[in-house]
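These are my notes from a first look through one model. I went residue by residue, then turned to the helices.

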Amino acid sequence: DRTVLSDGYQSHADNRSIAKVFFPADQIPYQDGSFSFLLSEHVLEHVPNVYKTLKEWNRVLEQNGVLILFLPHPARTFDCYRTETSLEHFREEEKRGSDAFEDLHWEDWKTNVLDRKLAPQYWNLPKDEALKTGSLHRHVFG
């Protein structure tokens, strides 16, 4: 039995992260059924393709494995003016094969978070960097 602490970005290693391995949430470098549980803290709202990510998490879970998700509650975060992401939106991303950090979510983020002077830690982050690093919340879960 082992616990693997991971992060999607090597750059977070210098930011008090306790992660030891780094890989994207939808490309886990472990065999099928490797884990009895998967704990995700504030990740799913950042990924470009939620269905693809959930399929990957299911792949690495053993049969009857447990997925534990911590997601930000919009009313308690800077997502408070944003609309909950619909299942249809997730289906469209899956159909499109969305893997890139597209502009699609930028306008909503800018209008409903940055322009409202919320999330000051992101005010000076250029658009390209926000998209590339996955900093913004692409999706809102209610």
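**Entry 1: E56.** I began with E56, which lies in helix α1. Helices here are DSSP runs of H or I with at least four residues, strands are runs of E with at least two, and both are numbered from the N terminus. Is E56 buried or exposed? E56 is buried, because its relative accessible area is 13% and buried means under 20%, with exposed over 50% and partly exposed in between (1.4 Å probe, protein chains only). Leaving out residues up to four places away in sequence, I found E56 touching A25, D26, Q27 and I28; contact means heavy atoms within 4.5 Å. I also checked E56 against N112: they are 56 residues apart in sequence and 30 Å apart in space, C-alpha to C-alpha.

**Entry 2: ground rules.** The model is predicted, local features need pLDDT of at least 70, side-chain atom pairs count only at pLDDT 80 or more, and totals for chains, interfaces and linings use all residues. Residues are numbered from 1 along each chain as its sequence is written, and side-chain values use heavy atoms, with hydrogens and water left out.

**Entry 3: α1 against α2.** I looked up how helix α1 (residues 50-60) meets helix α2 (residues 87-96): their axes come within 7 Å and cross at roughly 80°. Axes are lines fitted to C-alpha atoms, for helices over the stretch in contact, and angles run from 0 to 180 degrees between N-to-C directions. On the α1 side the contact is made by V50, Y51, K52 and K55, and on the α2 side by L87, F90, R91, E93 and E94. Sorted by class, this contact has four nonpolar, no polar and five charged residues. Nonpolar covers Ala, Val, Leu, Ile, Met, Phe, Trp, Tyr, Cys and Pro, charged covers Asp, Glu, Lys and Arg, and the others, Gly among them, are polar.

**Entry 4: D79 and H137.** D79 sits in the loop between β4 (61-70) and α2, and H137 is found in the segment after α4. D79 counts as buried at 2% relative accessibility, and H137 counts as buried at 6%. Which side chains does the side chain of D79 meet in polar contacts? I noted R82 at 2.9 Å and H137 at 2.6 Å. A polar contact is a pair of N or O atoms within 3.5 Å; within protein, one must be able to donate a hydrogen and the other to accept it, and residues adjacent in sequence count only if both atoms are side-chain atoms. Among the residues that H137 touches are E45, H46 and W109. D79 touches W109 too, along with P74, V113, H137 and V140.

**Entry 5: α3.** In α3 I listed W106, W109, N112, V113 and L114 as buried. They cover an arc of only 160° around the axis, which puts them on the same side of α3; the arc is that of the directions from the helix axis to the C-beta atoms. What covers these buried residues includes α4.

**Entry 6: positive phi.** H42, in the loop between β3 (35-41) and α1, is not a glycine but has a positive phi near 55°. H42 is partly exposed, with a relative accessible area of 41%. K117, also not a glycine, has a positive phi of about 65°. K117 is in the loop between α3 (106-114) and α4 (127-133) and is exposed, at 58% relative accessible area.
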